[in-house]
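Hi there,

Here is the structure I promised to pass on. My notes on its salt bridges and its nonpolar core follow below.

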Amino acid sequence: MEGTIYFIIIVLLVAIVLGLIVTNIRIVPQAHAYVIERLGAYTSTWQVGLHFKIPLIEKVAKKVSLKEKVIDFPPQPVITKDNVTMEIDTVIYYQITDPKLYTYGVEDPIVAIEKLSTTTLRNIIGDLELDGTLTGREHINRKIRLILDEATDPWGIKINRVEVKNIVPPRDIQAAMEKQMRAERERRESILRAEGEKKSAILIAEGNKEAVILEAEAKKQQSIRVAEGEAEAIILVQRATADGLKMLKEADASKEVIAIKSLDAFAQAANGKATKIIIPSEIQGLAGLAASLKELVKDDEPVKPKKPASMTRE
């Protein structure tokens, strides 16, 4: 009986030991870290892998995620240098770089970052006027990030980016800005329309100019072609005349032949549409000579005997 009791006690002790061993085995996943305390004091930081915790002596004080996180803070009222009240909300991207400092540096890191970003934003906007605030987002983002990054170093936090999400000015300022924007757009539209009309007029004028130039060039080419044609015709006529004279010279023509050729030429000219023809005196004399010869030929012709009249019966 006593042996059975001892066996049960031993089994229970073994089960308890195994349970303690199993329950104190920890596996740290990727991008995480565990802060370990021994008897209430920080002892180590477990990184990724398999770890064993001493039962009843050590404990996991905090499980820290090393991934980059984002905080979207609600809109905060701020006042610009020219006394314009507006609301600005920011988005902060941060990452934990030291789990120990993050665990023991500040009581609530997120609340601390929110309050710090609010005060920093108000200080920065207080040095800017309305127009500078609306157009200086990059300047605001960079300055807030530098200040927050320096302030959160003792907390084991790295501020990667700060973005101004929305800037909401008062309604009267918004109405004035909309009117100004509308007027600016109308001005740009008028300028673009005027520039378009100007370019159109210039193109039309250039087109008319080129058309006039091309027309003048065409008339010029036409006149040149006509003149060249007339010149070639004159050259051909002169060349034909010269060839005719050359042929007459080579044929050793007499003056009488030349005169007769001249008469033929004037006869052809007389058959045309000319109303007046001036005949040289030499040709006139030759014409008279030709008429005299014609009369002489007529006189030399024999006179044909006339047929006797028929006799009538008495």
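A word on exposure before the details: a residue is called buried under 20% relative accessible area, exposed over 50%, and partly exposed in between, using a 1.4 Å probe and protein chains only. Please keep in mind that this is a predicted model, where local features need pLDDT of at least 70 and side-chain atom pairs count only at pLDDT 80 or more, while totals for chains, interfaces and linings use all residues. Residues are numbered from 1 along each chain as its sequence is written, and side-chain values use heavy atoms, with hydrogens and water left out.

**Salt bridges**

Searching the whole structure turns up eight salt bridges (a side-chain nitrogen of Lys or Arg within 4 Å of a carboxyl oxygen of Asp or Glu). One of them pairs Arg161 with Glu68, with 3.8 Å between the closest N and O atoms. Arg161 belongs to strand β9 (residues 157–168) and Glu68 to the loop between β5 (58–65) and β6 (69–72), so this pair ties together parts 93 residues apart in sequence. Helices (H or I, at least four residues) and strands (E, at least two) are DSSP runs, numbered from the N terminus. Both partners are partly exposed: Arg161 has a relative accessible area of 39%, and Glu68 has 40%.

Helix α6 (residues 171–250) holds Arg193 and Glu189, four residues apart, about one turn of the helix. Their salt bridge has its closest N and O atoms 2.9 Å apart. Arg193 is partly exposed at 43% relative accessibility, and Glu189 is partly exposed at 44%.

Lys219 and Glu215 are also both in α6, again four residues apart, or about one turn. Their side chains form a salt bridge at 3.7 Å, N to O, and Glu215 counts as partly exposed at 47% relative accessibility. There is a network too: salt bridges link Glu184, Arg187 and Arg188.

**The nonpolar core**

Which residues have the most contacts inside the largest nonpolar core? They are Ile88 and Ile140, in a core of 28 residues. Here a core is a set of buried Ala, Val, Leu, Ile, Met, Phe, Trp, Tyr and Cys residues joined through side-chain atoms within 4.5 Å. At least two core residues come from each of β8 (85–96), α3 (109–126), α5 (137–152) and β9.

Leaving aside residues up to four places away in sequence, Ile88 touches several others, including Pro74, Val78, Leu121, Ile125, Val164 and Ile167; contact means heavy atoms within 4.5 Å.

Happy browsing!
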